[in-house]
Amino acid sequence: MEAIGLLIIRVIVGLYFAAHGTQKAFGWFGGGGPAGTGAFFEQIGIKPGKPMALLAGFGELVGGILFLLGFLTPLAALFIIVPMIIAIVTVHGKNGLFSDKGGIEYNVVLIAVALGIALAGAGSISLDALYDIKFW
């Protein structure tokens with residue numbers, strides 16, 4: 001059951017994070033794409049906006065897919081954790097703790113999940129397990 005629990009966490013978080021990346025990189029799922037996200041990035045001081053939006057989008061897409069697959073899991077977790085820290089520092093930190101006010105709640109939960117899976121391992125239903133990749 002542990003393996004199924006870890007798989008559920010990885011699939012849901014990985015899919016959502018990858019989809020979030022496609023919003024930035026391609027404008028899918030109602031996202032701003034490189035132009036819209038890039039303009040937002042410029043407003044919050046992340047420059048040059050469009051290239052950084054593409055970098056962020058592709059990083060989140062790759063990180064989400066790796067996390068979903070349980071492949072190179074600590075690297076996948078970093079691809080989730082780093083953007084969430086940047087989001088806290090640049091956007092959400094000033095809004096307090098809870099997401100109903102635009103605060104850091106969701107970012108902190110994603111950081112905790114990604115870090116927990118990175119430290120515990122992706123589980124036996126993962127590519128890390130299939131290829132006997134061990135990190136700790």
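Which element gives the most to the lining of the largest pocket? Helix α4 does, with 10 residues. The model is predicted, so to read it one needs its limits: local features need pLDDT of at least 70, side-chain atom pairs count only at pLDDT 80 or more, and totals for chains, interfaces and linings use all residues. Residues are numbered from 1 along each chain as its sequence is written, and side-chain values use heavy atoms, with hydrogens and water left out.

The largest pocket holds about 720 Å³ of space. Its lining has 32 residues, and Lys-24, Phe-41, Ala-56, Glu-60 and Pro-83 are the closest to the centre. Two or more lining residues come from each of α1 (2-26), α2 (33-43), α3 (49-69), α4 (73-92) and α5 (105-120). A pocket here is an open set of points on a 1 Å grid over the protein atoms alone, where a 1.4 Å probe fits, with protein on both sides within 12 Å along at least five of seven lines; lining residues have an atom within 4 Å of a point. Grid points are joined across faces, edges and corners, and the volume is the space filled by probe spheres set on them. Helices are DSSP runs (H or I, at least four residues) numbered from the N terminus.

By residue type, the lining of the largest pocket divides into 19 nonpolar, 11 polar and two charged. Nonpolar covers Ala, Val, Leu, Ile, Met, Phe, Trp, Tyr, Cys and Pro, charged covers Asp, Glu, Lys and Arg, and the others, Gly among them, are polar.

The second largest pocket has a volume of about 200 Å³. Of its 15 lining residues, Gly-121, Ala-122, Ile-133, Lys-134 and Phe-135 are the closest to the centre. At least two lining residues come from each of α4, α5 and α6 (127-130). This lining divides into eight nonpolar, four polar and three charged residues.

Helix α5 also contains Asn-107. Asn-107 is buried because its relative accessible area is 4%, buried meaning under 20%, exposed over 50% and partly exposed in between (1.4 Å probe, protein chains only). Beyond its neighbours within four places in sequence, Asn-107 is in contact with Met-84, Ala-87, Ile-88 and His-92, contact being heavy atoms within 4.5 Å.

There are four aromatic pairs. Phe-40 and Phe-41 form a tilted one, 6.4 Å centre to centre with 50 degrees between the planes. Rings of Phe, Tyr and Trp (its six-membered ring) pair if their centres lie within 6.5 Å; planes under 30 degrees apart are stacked, over 60 edge-to-face and the rest tilted. Phe-40 is partly exposed at 37% relative accessible area, whereas Phe-41 is buried at 10%. Elsewhere, ring pairs link Phe-26, Trp-28 and Phe-58 into a cluster.
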